[in-house]
Amino acid sequence: LGLFELDEFWLDRVVPQLRPRAVLLGNLFRDQLDRYGELETIADRWAATVAGLPAGAALACNADDPLIADLGRHHAAVRYFGVEDRAMATAEMQHASDSKHCRRCGHAYEYDAIYLGHLGVYHCPQCGQHRPTPDVSAHHVQLHGTRSATFVLHAGNQPIEVELPLPGLYNVYNALGAATLCLDLGVSVRDIAAGLAAVSPAFGRAERLTIGAHELSILLIKNPAGANEILRTLVLEPDELDLLAILNDRTADGRDISWIWDADFEMLAGRVRHVTCAGTRAAELALRFKYAGLPRECLTVVPALGAALDAALRATPDGRLFALPTYTALLELRSELQRRGHVGAFWSRETAEARP
């Protein structure tokens with residue numbers, strides 16, 4: 001059994017070589033336009049990939065993403081997943097919303113509920129295209145800050161409560177996708193719930209570690225929709241926030257960092273005690289926070305990562321510090337933490353041999 005997580009731009013090149021018996025399509029959000037182009041370009045390539053899947057291959061698709069849902073409509077073995085909890089809906093569509101027009105006729109979708117970016121319950125008033133009814137769904141979702149989430153998983157007639165030790169609605173979607181894929185591979189609902197309860201954060205994805213008297217939580221941000229979900233999760237915390245925000249513009253991050261102006265950092269206004277801004281574009285990140293309504297006196301710019309980490313720890317009196325790095329910044333932060341003895345090497349012979 002092989003499980004492959006693929007970059008969106010490589011799906012159509014890798015799938016023909018693997019000839020998988022099951023494929024999961026999670027979502028498509030605008031990410032590094034200077035590398036990948038517009039979402040419709042990616043969606044067209046994915047559509048050709050779905051059409052070329054081996055006979056009998058199962059397909060799991062996110063019903064709440066209009067682009068993804070559309071890719072599964074003509075596949076014989078598609079199973080849809082989505083959120084069924086209107087309490088999770090946002091009051092309005094965020095700036096970081098991409099697939100807002102019907103792929104069949106081009107008319108703007110109307111939304112009955114918006115859960116995350118352009119994900120939600122939608123229909124086209126012109127041609128009648130609408131969100132498919134999910135076969136696997138999350139009900140009664142509860143988000144517990146940056147630590148965990150709970151929901152009731154419905155798969156057929158087998159509702160079961162899931163205790164997910166990962167934060168945010170975005171991880172509820174990840175859990176639904178994993179559950180759907182496992183169902184396609186013959187795993188029982190009870191085993192799926194037990195597996196989800198036993199997961200731990202991947203490095204940089206809500207990973208927590210102790211540095212002396214401090215707890216450091218690392219939450220990767222790298223595009224508007226993803227950043228918004230991290231911010232939405234952070235503001236569920238009961239206390240004022242201390243942040244170490246690190247923005248790089250290296251090739252793997254995307255040279256164009258204008259996406260930070262589409263992310264809704266305004267959510268943090270009135271919730272932040274201090275932000276230390278670091279990275280190759282630290283000054284522009286501080287400017288973005290200023291325009292988001294954070295007072296100038298709570299912002300510190302320290303471009304060098306090691307010095308920024310020290311400054312952020314000094315400015316955090318109650319012990320909880322949240323790091324928000326972009327991709328290459330995450331790797332640099334892990335290297336710095338490893339150099340200081342706080343974490344082990346992620347890629348090592350020991351970890352490789354320990355992985356099944």
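Trainee: Why is Arg250 called partly exposed?

Mentor: Arg250 has a relative accessible area of 35%. Buried means under 20%, exposed means over 50%, and partly exposed lies in between (1.4 Å probe, protein chains only). The value for Arg250 therefore falls in the middle class. Please note that this is a predicted model, in which local features need pLDDT of at least 70 and side-chain atom pairs count only at pLDDT 80 or more, whereas totals for chains, interfaces and linings use all residues. Residues are numbered from 1 along each chain as its sequence is written, and side-chain values use heavy atoms, with hydrogens and water left out.

Trainee: What makes Glu332 and Arg250 a salt bridge?

Mentor: The term requires a side-chain nitrogen of Lys or Arg within 4 Å of a carboxyl oxygen of Asp or Glu. The closest N and O atoms of Glu332 and Arg250 are 2.3 Å apart, so the pair qualifies. Helices (H or I, at least four residues) and strands (E, at least two) are DSSP runs, numbered from the N terminus. Glu332, at 30% relative accessible area, is also partly exposed. Elsewhere, salt bridges with shared partners join Asp44, Asp70, Arg73 and Arg103 into one network.

Trainee: How many salt bridges does the structure hold?

Mentor: There are 20. One of them joins Arg320 to Glu215, with the closest N and O atoms 3.2 Å apart. Arg320 lies in strand S14 and Glu215 in strand S10, so this pair ties together parts that are 105 residues apart in sequence. Arg320 also forms a salt bridge with Glu237, at 2.7 Å between the closest N and O atoms. That pair, too, links distant parts of the chain: Glu237 is in the loop between H7 and S11, 83 residues from Arg320.

Trainee: Is Glu237 buried or exposed?

Mentor: Glu237 is buried, because its relative accessible area is 9%.

Trainee: How do you know that Asn248 is buried, and what does Asn248 touch?

Mentor: Asn248 has 2% relative accessibility and therefore counts as buried. Its place is in the loop between S11 and S12. Contact means heavy atoms within 4.5 Å. Leaving aside residues up to four places away in sequence, Asn248 touches several residues, among them Asp253, Ile257, Thr326 and Glu332.

Trainee: Why is H7 described as largely enclosed?

Mentor: Ten of the eleven residues of H7 are buried, so the rest of the structure largely encloses this helix. The buried residues include Pro224, Asn228, Glu229 and Arg232. They pack against strand S4 (110–116), H5, S10, S11 and S14. Helix H7 (residues 224–234) lies across strand S10 (214–219), S11 and S14, and runs at about 170° to S14. Axes are lines fitted to C-alpha atoms, for helices over the stretch in contact, and angles run from 0 to 180 degrees between N-to-C directions.

Trainee: What makes S9 and S13 edge strands?

Mentor: Two strands pair if DSSP finds at least two bridges between them. Six strands form an open, mixed sheet in the order S9-S10-S14-S11-S12-S13. Strand S9 (205–211) and strand S13 (299–301) each have a single partner strand, so one side of each is left without a neighbour in the sheet. From one strand to the next, the twist averages 20°.

Trainee: How do you know that S11 and S14 pair?

Mentor: Four bridges join strand S11 (residues 241–246) to strand S14 (residues 320–325); the definition asks for at least two, so they pair. The two strands run parallel, and Ala245 stands opposite Leu324 in S14.
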